[in-house]
Amino acid sequence: MASFLLKSFLVVLAVFFISSMVQASDPDILSDFNVPAESTIDGNFFTFTGTRDIFGSIIEKFTVTKVSKAEFPALDGQSVSLAVLQFPGGGVNPPHTHPRAAELLFVVQGSLEVGFVDTTNKLYTQTLQVGDLFVFPKGLVHYQYNSDWNKSATAVSGFGSASAGTVSLPTTLFATGIDDQILAKSFKSDVATIQKIKAGLSS
(Lines give C-alpha, C1' and ligand atoms only; values in the text may rest on other atoms or scores of the structure.)
Protein backbone atom coordinates (compact mmCIF):
# COMPACT_ATOMS: atom_id res chain seq x y z
CA MET A 1 0.00 0.00 0.00
CA ALA A 2 2.80 2.39 0.95
CA SER A 3 4.57 1.55 -2.32
CA PHE A 4 1.40 2.35 -4.32
CA LEU A 5 0.98 5.67 -2.50
CA LEU A 6 4.62 6.56 -3.09
CA LYS A 7 4.34 5.73 -6.82
CA SER A 8 1.11 7.73 -7.09
CA PHE A 9 2.72 10.68 -5.32
CA LEU A 10 5.75 10.54 -7.64
CA VAL A 11 3.52 10.42 -10.75
CA VAL A 12 1.51 13.44 -9.55
CA LEU A 13 4.73 15.27 -8.69
CA ALA A 14 6.20 14.48 -12.14
CA VAL A 15 3.06 15.67 -13.92
CA PHE A 16 3.06 18.89 -11.89
CA PHE A 17 6.76 19.47 -12.57
CA ILE A 18 6.40 18.85 -16.32
CA SER A 19 3.28 21.03 -16.60
CA SER A 20 5.05 23.87 -14.81
CA MET A 21 7.82 23.75 -17.44
CA VAL A 22 5.45 23.82 -20.42
CA GLN A 23 4.93 27.30 -21.89
CA ALA A 24 1.63 27.63 -23.74
CA SER A 25 2.03 31.36 -24.29
CA ASP A 26 4.72 34.02 -24.39
CA PRO A 27 7.19 33.69 -21.51
CA ASP A 28 7.13 36.28 -18.76
CA ILE A 29 9.97 38.79 -18.91
CA LEU A 30 12.02 39.99 -15.95
CA SER A 31 12.13 43.64 -16.97
CA ASP A 32 9.67 46.28 -18.16
CA PHE A 33 10.43 45.51 -21.81
CA ASN A 34 12.98 43.74 -24.02
CA VAL A 35 15.52 45.84 -25.88
CA PRO A 36 17.30 44.47 -28.96
CA ALA A 37 21.08 44.90 -28.90
CA GLU A 38 22.36 48.16 -30.37
CA SER A 39 18.91 49.81 -30.14
CA THR A 40 18.24 53.42 -29.21
CA ILE A 41 15.39 53.61 -26.73
CA ASP A 42 13.06 56.58 -26.99
CA GLY A 43 9.44 57.06 -28.01
CA ASN A 44 10.21 55.90 -31.54
CA PHE A 45 11.06 52.40 -30.28
CA PHE A 46 7.51 52.05 -28.93
CA THR A 47 5.83 53.50 -32.06
CA PHE A 48 4.76 51.54 -35.15
CA THR A 49 3.82 53.56 -38.24
CA GLY A 50 3.41 50.73 -40.76
CA THR A 51 -0.39 50.91 -40.72
CA ARG A 52 -0.77 54.64 -41.41
CA ASP A 53 -1.51 54.43 -45.12
CA ILE A 54 -3.67 51.31 -45.27
CA PHE A 55 -6.95 52.72 -43.98
CA GLY A 56 -9.01 54.34 -46.73
CA SER A 57 -6.96 52.70 -49.47
CA ILE A 58 -8.56 50.81 -52.36
CA ILE A 59 -8.70 47.09 -51.54
CA GLU A 60 -8.01 45.01 -54.65
CA LYS A 61 -7.07 41.67 -53.03
CA PHE A 62 -7.16 40.09 -49.59
CA THR A 63 -4.30 41.63 -47.61
CA VAL A 64 -2.97 41.06 -44.09
CA THR A 65 -0.77 43.72 -42.50
CA LYS A 66 0.89 42.06 -39.52
CA VAL A 67 2.12 43.91 -36.46
CA SER A 68 3.97 41.22 -34.51
CA LYS A 69 7.36 41.27 -32.85
CA ALA A 70 8.95 40.56 -36.26
CA GLU A 71 7.63 43.88 -37.60
CA PHE A 72 7.56 45.78 -34.30
CA PRO A 73 10.37 44.66 -31.92
CA ALA A 74 8.89 46.56 -28.96
CA LEU A 75 6.22 43.82 -28.75
CA ASP A 76 8.79 41.20 -27.75
CA GLY A 77 7.80 39.97 -24.30
CA GLN A 78 4.52 41.92 -24.20
CA SER A 79 2.22 39.00 -25.19
CA VAL A 80 0.26 41.12 -27.68
CA SER A 81 0.18 41.74 -31.44
CA LEU A 82 -2.35 42.63 -34.09
CA ALA A 83 -3.13 42.39 -37.77
CA VAL A 84 -5.22 44.49 -40.13
CA LEU A 85 -7.27 42.32 -42.50
CA GLN A 86 -8.54 43.93 -45.72
CA PHE A 87 -11.07 42.10 -47.89
CA PRO A 88 -12.20 43.10 -51.38
CA GLY A 89 -15.75 42.16 -52.33
CA GLY A 90 -15.90 38.36 -52.22
CA GLY A 91 -12.50 38.15 -50.49
CA VAL A 92 -11.68 35.30 -48.13
CA ASN A 93 -9.09 34.59 -45.47
CA PRO A 94 -8.83 30.80 -46.00
CA PRO A 95 -9.15 28.32 -43.15
CA HIS A 96 -6.12 28.64 -40.87
CA THR A 97 -4.98 28.40 -37.26
CA HIS A 98 -2.88 30.44 -34.84
CA PRO A 99 -1.02 27.89 -32.70
CA ARG A 100 0.17 30.33 -30.02
CA ALA A 101 -2.77 32.70 -29.44
CA ALA A 102 -6.49 33.32 -29.48
CA GLU A 103 -7.69 36.00 -31.93
CA LEU A 104 -10.14 38.82 -31.18
CA LEU A 105 -11.47 40.22 -34.46
CA PHE A 106 -13.06 43.70 -34.63
CA VAL A 107 -14.90 44.72 -37.81
CA VAL A 108 -14.25 48.38 -38.72
CA GLN A 109 -15.66 48.46 -42.29
CA GLY A 110 -18.22 46.37 -44.17
CA SER A 111 -19.40 42.99 -42.93
CA LEU A 112 -17.82 39.55 -42.60
CA GLU A 113 -19.01 35.99 -42.32
CA VAL A 114 -16.76 34.20 -39.84
CA GLY A 115 -16.52 30.75 -38.35
CA PHE A 116 -14.40 28.27 -36.46
CA VAL A 117 -14.45 24.52 -35.87
CA ASP A 118 -13.88 23.11 -32.39
CA THR A 119 -12.18 19.83 -31.48
CA THR A 120 -15.51 17.94 -31.73
CA ASN A 121 -15.82 19.14 -35.36
CA LYS A 122 -18.67 21.50 -34.54
CA LEU A 123 -18.82 24.64 -36.72
CA TYR A 124 -19.66 27.99 -35.10
CA THR A 125 -20.53 30.82 -37.51
CA GLN A 126 -21.65 34.42 -37.33
CA THR A 127 -22.25 37.39 -39.65
CA LEU A 128 -20.50 40.45 -38.25
CA GLN A 129 -21.25 44.13 -38.90
CA VAL A 130 -19.18 47.25 -38.19
CA GLY A 131 -18.46 47.45 -34.48
CA ASP A 132 -18.91 43.71 -33.84
CA LEU A 133 -16.22 41.55 -32.24
CA PHE A 134 -15.69 37.79 -32.49
CA VAL A 135 -13.20 35.57 -30.67
CA PHE A 136 -11.43 32.62 -32.31
CA PRO A 137 -10.07 30.29 -29.60
CA LYS A 138 -6.37 29.49 -29.72
CA GLY A 139 -5.30 26.78 -32.15
CA LEU A 140 -8.72 26.15 -33.74
CA VAL A 141 -9.32 26.24 -37.50
CA HIS A 142 -11.17 29.41 -38.53
CA TYR A 143 -11.88 31.69 -41.48
CA GLN A 144 -13.31 35.08 -42.49
CA TYR A 145 -15.26 35.83 -45.68
CA ASN A 146 -16.64 39.02 -47.23
CA SER A 147 -19.79 37.75 -48.95
CA ASP A 148 -20.70 41.20 -50.30
CA TRP A 149 -19.21 41.34 -53.80
CA ASN A 150 -19.91 45.08 -54.06
CA LYS A 151 -18.22 46.36 -50.89
CA SER A 152 -14.86 45.89 -49.25
CA ALA A 153 -14.43 45.02 -45.58
CA THR A 154 -11.73 45.70 -43.00
CA ALA A 155 -11.11 44.17 -39.60
CA VAL A 156 -8.46 44.51 -36.91
CA SER A 157 -7.42 41.36 -35.07
CA GLY A 158 -5.70 41.33 -31.69
CA PHE A 159 -3.68 38.33 -30.51
CA GLY A 160 -2.58 37.23 -27.05
CA SER A 161 0.98 36.65 -28.21
CA ALA A 162 3.71 38.77 -29.76
CA SER A 163 4.11 35.95 -32.29
CA ALA A 164 0.80 34.13 -32.76
CA GLY A 165 1.92 32.21 -35.85
CA THR A 166 -0.33 31.33 -38.78
CA VAL A 167 -0.84 27.91 -40.34
CA SER A 168 -2.85 28.28 -43.57
CA LEU A 169 -4.54 24.97 -44.33
CA PRO A 170 -4.60 25.24 -48.16
CA THR A 171 -0.90 26.14 -48.27
CA THR A 172 0.13 23.65 -45.57
CA LEU A 173 -1.70 20.77 -47.20
CA PHE A 174 -1.21 21.44 -50.90
CA ALA A 175 1.92 23.57 -51.30
CA THR A 176 4.51 21.95 -49.04
CA GLY A 177 5.36 18.80 -50.98
CA ILE A 178 3.07 16.24 -49.31
CA ASP A 179 2.84 13.35 -51.76
CA ASP A 180 -0.21 13.49 -54.08
CA GLN A 181 -1.09 9.85 -53.28
CA ILE A 182 -1.20 10.57 -49.54
CA LEU A 183 -3.45 13.59 -50.10
CA ALA A 184 -5.71 11.66 -52.49
CA LYS A 185 -6.18 8.87 -49.94
CA SER A 186 -6.66 11.33 -47.07
CA PHE A 187 -9.37 13.25 -48.94
CA LYS A 188 -10.89 10.11 -50.50
CA SER A 189 -10.21 11.59 -53.91
CA ASP A 190 -7.80 10.93 -56.77
CA VAL A 191 -4.38 12.22 -57.77
CA ALA A 192 -5.77 14.23 -60.71
CA THR A 193 -8.05 16.21 -58.36
CA ILE A 194 -5.17 16.85 -55.93
CA GLN A 195 -2.97 18.08 -58.79
CA LYS A 196 -5.76 20.39 -59.98
CA ILE A 197 -6.03 21.90 -56.48
CA LYS A 198 -2.26 22.37 -56.33
CA ALA A 199 -2.24 24.03 -59.73
CA GLY A 200 -4.98 26.41 -58.60
CA LEU A 201 -2.98 27.43 -55.52
CA SER A 202 0.17 28.10 -57.52
CA SER A 203 -1.53 30.40 -60.04
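Where is Leu 133 found? Leu 133 is found in strand S7. Strands here are DSSP runs (E, at least two residues), as are helices (H or I, at least four residues), both numbered from the N terminus.

This is a predicted model, in which local features need pLDDT of at least 70, side-chain atom pairs count only at pLDDT 80 or more, and totals for chains, interfaces and linings use all residues. Residues are numbered from 1 along each chain as its sequence is written, and side-chain values use heavy atoms, without hydrogens or water.

Stay with Leu 133. Its relative accessibility is 48%, so Leu 133 counts as partly exposed. The term covers the range between buried (under 20% relative accessible area) and exposed (over 50%), with a 1.4 Å probe and protein chains only. Strands S4 (103–109) and S7 (133–136) each supply at least two patch residues. S4 gives the most, with three.

Now the sheet. Five strands form an open, antiparallel sheet in the order S6-S5-S8-S3-S10. S6 and S10 (167–168) stand at the edges with a single partner strand each, so one side of each has no neighbour in the sheet. Strands pair if DSSP finds at least two bridges between them. S3 (residues 92–97) and S8 (residues 141–145) pair over three bridges. Val 92 has Tyr 145 in S8 as its bridge partner.

Two loops deserve a look. Asn 121 sits between S5 (112–117) and S6 (123–128). Asn 121 is not a glycine, yet its phi is positive, about 65°. At 67% relative accessibility, Asn 121 counts as exposed. Lys 188 lies in the loop between helices H3 (180–186) and H4 (191–202). Lys 188, also not a glycine, has a positive phi of about 50°. Its relative accessibility is 77%, so Lys 188 counts as exposed.

Next comes H4. Asp 190 caps its N-terminal end, with a side-chain oxygen 3.1 Å from the backbone nitrogen of Ala 192.

How values were computed
Polar contact = N/O pair within 3.5 Å; in protein donor to acceptor, adjacent residues only side chain to side chain.
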